[in-house]
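Hi there,

Here is the structure I promised to pass on to you. Have a look at it first, and then read my notes below.

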Amino acid sequence: MRSFRRLTISTLIAVYVLILVGGIVRSSGSGMGCPDWPKCFGSWVPPASYDELPDNYKEIYATYRHKKNERFAHYLTSLGMDETANAILNDPSIRIENDFNPVKTWIEYVNRVVGVIIGFLIFAVFVFSFRFWKTSRRFTLIAGAAFFLVGFQGWIGSFVVSTNLTPWTITVHMFLALVIVALLVWLVHETDFGTEITSSIGFWWLLACIAVLLVQILLGTQLREAIDRVAGALPRGSWIESIGRPFMLHRSFSWIVVILHVGLIVKLHKTRASKSFALALIVLILGTLLTGLGMAYFGVPPVLQPIHLLLATATFGMQFLFLLKLNRKEEMVTSIES
């Protein structure tokens, strides 16, 4: 069990590393550094210079991506999403191929390599979980769900590339990552039998904090999509002021997030067994807030975006872990009373 727990924790850390690397990809504009998937410019090792590409590489990969988008549109149509499918097929901007940039190509390539490593790690967790099939079958079921979602995440990632970073596909990609985090956190929690949490904060207060954080993350993805629309036409320093409503929503909603979490941290601090969680939340929330302010008032520095994203997702993981521990404590109390 200890070995399985260590492997699961290592995999969870690796997922957070991938989230950080994904943030670097976004902040550096490297999302289309490789125009195809899973290969990069038709090779498992990307080219290092323009000379290694054919003269008509833009036409080649634009055609390749359009054919893939036709298949994706067919899937969307079968789900009743005709309008979205037509938008993907008829939006001329989706077929625009970016100029080759070796730095951006290798940033995206590293992102993919890390993703493959995580795929192997989660597969290892899934295989290892079969040792507990007779005693704790839920381990295998949750590990299997995580492995399936990683594969689905890779499949969605291929369409993120083929649709030239269509905004809503990036949002789906982000929230799938949070689901994978939640499944791994659950496994970490279930394999830890030495920690009990005693708290009077209440299940619903903590659940409200998780809910508003997820809404804030969603608003953050909408803000990023708005930035993407103006990034190519305006200097970085004027992005925020040119966006308007998405930024105002994200900034205003942050007050709700802060107020609820301040109340949560105060309640946790009063409970001796929960002080470590309170300290972790203080660091994560404060870091998320400061990096968000830094992006708002200093022209969206590229270095802050991946850190901001990492801190927000780490906050979610910490909250979900505490929710599970709190729920276990309440289940134990209910069992004793009955």
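A word on terms to begin with: helices (H or I, at least four residues) and strands (E, at least two) are DSSP runs, numbered from the N terminus. By that reading, the protein chain has eleven helices and zero strands. Its radius of gyration, taken over C-alpha atoms, is 22 Å, close to the 20 Å that the globule rule gives for 338 residues, so the chain is as compact as a globular protein of that length. The globule rule is 2.2 Å times the number of residues to the power 0.38.

Please keep in mind that this is a predicted model, in which local features need pLDDT of at least 70 and side-chain atom pairs count only at pLDDT 80 or more, while totals for chains, interfaces and linings use all residues. Residues are numbered from 1 along each chain as its sequence is written, and side-chain values use heavy atoms, with hydrogens and water left out.

Now to the inside. A nonpolar core here is a set of buried Ala, Val, Leu, Ile, Met, Phe, Trp, Tyr and Cys residues joined through side-chain atoms within 4.5 Å. The largest one holds 55 residues, and Val-181 and Leu-187 touch the most other members. Several helices supply at least two residues each, including helix 1 (2-27), helix 6 (167-190) and helix 11 (304-337). Helix 6 gives the most, with 13 residues. Apart from this core lies another, of twelve residues, among them Leu-223, Ile-227, Ile-243 and Val-300.

Which residues does Val-181 touch? Leaving out residues up to four places away in sequence, Val-181 touches Leu-12, Val-15, Tyr-16, Ile-19, Phe-316 and Gly-317; contact means heavy atoms within 4.5 Å. Across the protein chain, 79% of the contacts with a separation of 6 or more are between residues 24 or more positions apart.

One more spot to look at is Pro-38, in the loop between helix 1 and helix 2 (57-78). Pro-38 is partly exposed, with a relative accessible area of 43%. Not counting residues up to four places away in sequence, Pro-38 touches Trp-44 and Arg-112. The C-alpha atoms of Pro-38 and Gly-157 are separated by 9.3 Å, although the two residues are 119 residues apart along the chain.

Best wishes

Notes. Buried < 20%, exposed > 50% of the residue type's maximum accessible area, 1.4 Å probe, protein only.
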